[in-house]
Amino acid sequence: MLPSKILVVDDETYIVELVKFNLEKEGFRVVVAYDGQSALDVVKSESPDLIILDIMLPNMDGFEVCQTLKNDIKYNFIPIIMLTARGEEIDTVLGLELGADDYVKKPFSPRELVARVKARLRAIRILEAEKAVGTRVYVFKDLIVVPDQHEAFLGDIKIELTPKEFELLSLLASHPGKVFTREILLEKVWG
């Protein structure tokens, strides 16, 4: 599975480079745009998994970009994190009402922004997994266990497990916080 692709949209080059560096350091693929119209073009050509979007952009502001994407059935599922110097309450409310999923004010902590990106992508993976299998999915930070499909993921990466390893992981995941003796594990997993 390829790492998630993030679109960073800001007209300030140093902000784009800072965000790009921190996201790539965490293993994300990053594409960039420096104005609103270019952002829409990149969304159509690159299909990002998440967008980090400034409000004050040339050609078309971030509010308009957000509204355009959220009104288009082909792109309205893409999460948008607004990253902007406009910190007034009305700006935050407007951004969220137009469909943004999160709002981060400048100056910002790059670590916090990366954590918010990971959290938003993790929530999407959980929903997709539950929708695909129609049953319970177990989640522990970046670990996702999908018992019905015999799959486990750490972040975006599928974990290759033997059948017994998966049974053991699934048993532990389905009983968080419970301590099992060796005998119980042998009985439940190995019969």
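How far apart are the closest N and O atoms in the salt bridge that Lys-20 forms with Glu-24? We'll get to that pair in View 1.

First, some housekeeping: this is a predicted model, where local features need pLDDT of at least 70 and side-chain atom pairs count only at pLDDT 80 or more, while totals for chains, interfaces and linings use all residues. Residues are numbered from 1 along each chain as its sequence is written, and side-chain values use heavy atoms, with hydrogens and water left out.

**View 1. Lys-20 and Glu-24 pair up within helix α1.** Their closest N and O atoms sit 4.0 Å apart, and a salt bridge here means a side-chain nitrogen of Lys or Arg within 4 Å of a carboxyl oxygen of Asp or Glu. The two are 4 residues apart, so about one helical turn separates them; helices are DSSP runs of H or I with at least four residues, strands are E runs of at least two, both numbered from the N terminus. Lys-20 is partly exposed at 24% relative accessible area, and Glu-24 is partly exposed at 39% (buried is under 20%, exposed over 50%, partly exposed in between, with a 1.4 Å probe and protein chains only).

**View 2. Lys-70 meets Asp-101 in a salt bridge.** Here the closest N and O atoms are 3.6 Å apart. Lys-70 belongs to helix α3 (residues 62–70), while Asp-101 is in the loop between α4 (89–97) and β5, 31 residues apart. Lys-70 counts as buried at 16% relative accessibility, whereas Asp-101 is partly exposed at 30%.

**View 3. Lys-106 forms a salt bridge with Asp-10.** The closest N and O atoms are 2.7 Å apart. Lys-106 lies in the loop between β5 (102–105) and α5 (110–133) and Asp-10 in the loop between β1 (5–9) and α1 (13–25), so the pair ties together parts 96 residues apart in sequence. Both Lys-106 and Asp-10 are buried.
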